[in-house]
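These are my notebook entries on a structure that I had not examined before. I began with the sequence and the coordinates side by side.

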Amino acid sequence: MDQVRKQAEDRMGKSVHALEEEFNTIRTGRASAALFDKIKVEYYGNPTPLNQVATISVPEARLVVIQPWDKGIISEIEKAIQKSELSINPSNDGKVIRINIPPLTEERRKEYAKVARNMAEQARVAVRNIRRDANDELKKLEKNGELSEDELKRAEDEIQKSTDKYVEEINQALEAKETEILEI
């Protein structure tokens with residue numbers, strides 16, 4: 001019984017963590033190295049994460065500087081950034097790539113807020129699915145005679161409390177991200 005609950009808690013925590021990681025890839029009006037986490041660069045014939053072939057720094061609030069370790073792939077990095085969903089234009093001087101992060105339009109902000117809400121809803125659904133799986137597992141234990149009815153009820157209540165806690169964490173993360181996206 002405790003093992004089922006602990007497994008469910010672990011999986012719910014991972015769902016919240018995955019959501020927070022996804023939120024980092026949503027562009028706000030500010031520069032952030034995390035924006036480039038999903039960008040892959042063609043490097044010796046292999047798609048390689050950008051942060052594994054270059055140093056990404058944020059010297060100012062609206063500027064990102066990408067310094068490739070191998071100057072020969074600077075054009076590949078530029079292509080990868082231009083193909084990404086970030087809709088930003090890189091410029092290079094042969095040594096580093098500079099990216100000015102323009103302020104988002106009101107329409108774009110609302111669009112990104114909607115994307116964040118959809119991500120949060122998917123995370124809430126994942127947490128609820130984990131609750132369902134855990135409850136099914138507990139019912140099997142009860143059916144096999146390993147749990148009494150009272151123990152089943154108590155375990156289901158505890159799993160529900162965990163579910164509520166993680167859904168609240170998701171809601172708080174969403175609220176913080178929406179505030180970040182919508183601030184000017």
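The entries below move from conventions to helices, cores, the sheet and single residues.

**Entry 1: conventions**

I note that this is a predicted model, in which local features need pLDDT of at least 70, side-chain atom pairs count only at pLDDT 80 or more, and totals for chains, interfaces and linings use all residues. Residues are numbered from 1 along each chain as its sequence is written, and side-chain values use heavy atoms, with hydrogens and water left out. I take helices (H or I, at least four residues) and strands (E, at least two) as DSSP runs numbered from the N terminus.

**Entry 2: helix packing**

I looked up how helix α1 (residues 2-24) lies against helix α3 (residues 106-143), and found that their axes come within 10 Å and cross at roughly 170 degrees. Axes here are lines fitted to C-alpha atoms, for helices over the stretch in contact, and angles run from 0 to 180 degrees between N-to-C directions. α1 and α3 are therefore roughly antiparallel to each other. For angles, under 35 degrees counts as roughly parallel, over 145 as roughly antiparallel, 65 to 115 as roughly perpendicular and the rest as oblique. The contact of α1 with α3 holds 15 nonpolar, one polar and five charged residues. In this classing, Ala, Val, Leu, Ile, Met, Phe, Trp, Tyr, Cys and Pro count as nonpolar, Asp, Glu, Lys and Arg as charged, and the others, Gly among them, as polar.

I then turned to α3 and α4, which pack at an angle of about 170 degrees with their axes 10 Å apart. This pair, α3 and α4, is therefore also roughly antiparallel. I recorded 17 nonpolar, four polar and 11 charged residues in the contact of α3 with α4.

**Entry 3: nonpolar cores**

Which residues have the most contacts inside the largest nonpolar core? I found L19, F23, I26, L138 and I170, in a core of 28 residues. A nonpolar core is a set of buried Ala, Val, Leu, Ile, Met, Phe, Trp, Tyr and Cys residues joined through side-chain atoms within 4.5 Å. Buried means under 20% relative accessible area, exposed over 50%, and partly exposed in between (1.4 Å probe, protein chains only). The elements giving two or more residues to this core are α1, α3 and α4 (149-182), and the largest share, 10 residues, comes from α3. Apart from this core lies another, of 21 residues, among them F36, I56, I74 and L86.

Contact means heavy atoms within 4.5 Å.

I also checked T163, which is found in helix α4. T163 is buried, at a relative accessible area of 1%. Beyond its neighbours within four places in sequence, T163 is in contact with M12, V127 and R131.

**Entry 4: the sheet**

In what order do the four strands of the open sheet stand? I read the order as β3-β4-β6-β5, with antiparallel pairing. Two strands pair if DSSP finds at least two bridges between them. β3 and β5 (90-92) stand at the edges with a single partner strand each, so one side of each has no neighbour in the sheet. The twist from one strand to the next averages 25 degrees.

I traced the pairs in turn. Strand β3 (residues 54-60) and strand β4 (residues 63-68) are joined by five bridges, and a hairpin of two residues connects them. T55 stands opposite Q67, and E60 opposite L63. Four bridges link β4 to β6, where V64 partners I99 and I66 partners I97. I noted that five of the six residues of β4 are buried. Helix α2 (residues 74-83) lies across β3, β4, β5 and β6, running at about 165 degrees to β5.

R98 is found in strand β6 (residues 97-100) and is partly exposed, with a relative accessible area of 38%. Not counting residues up to four places away in sequence, R98 touches L63, V64, V65, N89, P90, S91 and D93. The C-alpha atoms of R98 and S57, 41 residues apart along the chain, are separated by 9.9 Å.

Is Y44 buried or exposed? I found Y44 exposed, at 68% relative accessibility, in the loop between β1 (40-43) and β2 (46-49). Most residues other than glycine have a negative phi. Phi of Y44, by contrast, is positive, near 50 degrees.
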